[in-house]
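This briefing concerns charged side chains, their pairings and their surface patches. Please consult the sequence and the structure shown below while reading.

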Amino acid sequence: MSSKDKDKDKDKDTKVVKEEKEHKEKETKHKKGRDRDKDKDKDKDKEKEKGKEKEKEKEKEKEKEEKEEPKEKEPKEKEAKDKKRKRIFTNELRLMMYGFGDVPNPLPESVDLMEDLVMEYIYETLCMALEVSAKRGRLITEDLVFLVRKDRKKYTRVLELLKMHEELKAARKVFDYDNETLGANLDDNE
């Protein structure tokens, strides 16, 4: 081989070496860039996880506060309700509780609790009756009878009370009529 050929081979070798070096440098830069991107992604993921953890902690704190707050607020709200609302069934409930096996004078708190339950039941029943009567636009007795029709005990008791109410109404009319005629007769005698 001639010296020219050797020089050409050296030039080719140096070019190849240079190209390989450049290629390796590009790859390392590319790898470093990918590594940086991965590091950035990892940092972002860590930040997201930290943010999620903070949110979870805040939610837990809120739940704890909500659990604690109602306990503090309930007595105040109950006291306000008790002051606003007149106790209607206290004496009757006290007697009913005694009739069902409680002591002769049950605790006022027990009677109040029973009255709250009774009032809530009455309220819910009337709301359902209003839904039934929405087509007519007014609430009638038959709406309540319709609501209790499936509960045999309540249904028979409601019918019994309605029958008794009609009998009392008729008796009052007779009594009022008798008093009016008696008063008229007394006026005639004088």
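Asp112 is partly exposed, because its relative accessible area is 23% (buried means under 20%, exposed over 50%, and partly exposed in between, with a 1.4 Å probe and protein chains only). The model is predicted: local features need pLDDT of at least 70, side-chain atom pairs count only at pLDDT 80 or more, and totals for chains, interfaces and linings use all residues. Residues are numbered from 1 along each chain as its sequence is written, and side-chain values use heavy atoms, with hydrogens and water left out.

**Salt bridges around Arg87**

- Arg87 forms a salt bridge with Asp112, with the closest N and O atoms 3.7 Å apart (a salt bridge is a side-chain nitrogen of Lys or Arg within 4 Å of a carboxyl oxygen of Asp or Glu).
- This pair links distant parts of the chain, 25 residues apart: Arg87 is in the loop between helix 1 and helix 2, and Asp112 is in helix 3 (residues 108-132).
- Helices are DSSP runs of H or I with at least four residues, numbered from the N terminus.
- A salt bridge also joins the side chains of Arg87 and Asp116, at 2.9 Å from N to O.
- Asp116 also lies in helix 3, 29 residues from Arg87.
- Asp116 counts as partly exposed because its relative accessibility is 26%.

**Salt bridge within helix 5**

- The whole structure holds 5 salt bridges, and one of them pairs Glu160 with Arg157, with the closest N and O atoms 3.2 Å apart.
- Both residues belong to helix 5 (residues 152-189), 3 residues apart, about one turn of the helix.
- Glu160 is partly exposed, at a relative accessible area of 43%, and Arg157 is partly exposed at 42% relative accessibility.

**Charged surface patches**

- Asp41, Asp43, Asp45, Glu47, Glu49, Glu53, Glu57, Glu61 and Glu65 form a negative surface patch (patch residues have over 30% relative accessible area and no salt bridge, and like charges are joined within 9 Å).
- Glu47 is in helix 1 and counts as exposed because its relative accessibility is 56%.
- Arg36, Lys40, Lys44, Lys48, Lys52, Lys56, Lys60 and Lys64 form a positive surface patch, and Lys44 is in helix 1.

**Confidence**

- The protein chain has an average pLDDT of 80, and 75% of the residues score at least 70 (pLDDT is the predictor's confidence in each residue, from 0 to 100).
- Confidence is lowest in helix 1 (residues 3-84), with a mean of 69, and highest in helix 2 (residues 90-99), at 95.
- Where pLDDT is low, the predicted coordinates should not be read in detail.

Note on methods. Helix = DSSP H or I, 4+ residues; strand = E, 2+ residues; numbered from the N terminus. Patch = residues over 30% accessible without salt bridge, like charges linked within 9 Å, V, L, I, M, F, W, Y side chains within 5 Å. Areas by Shrake-Rupley, 256 points an atom, 1.4 Å probe, with all protein chains shown as cover. Lys, Arg positive; Asp, Glu negative; His and termini not counted. Charge placed at Lys NZ, Arg CZ, Asp CG, Glu CD.
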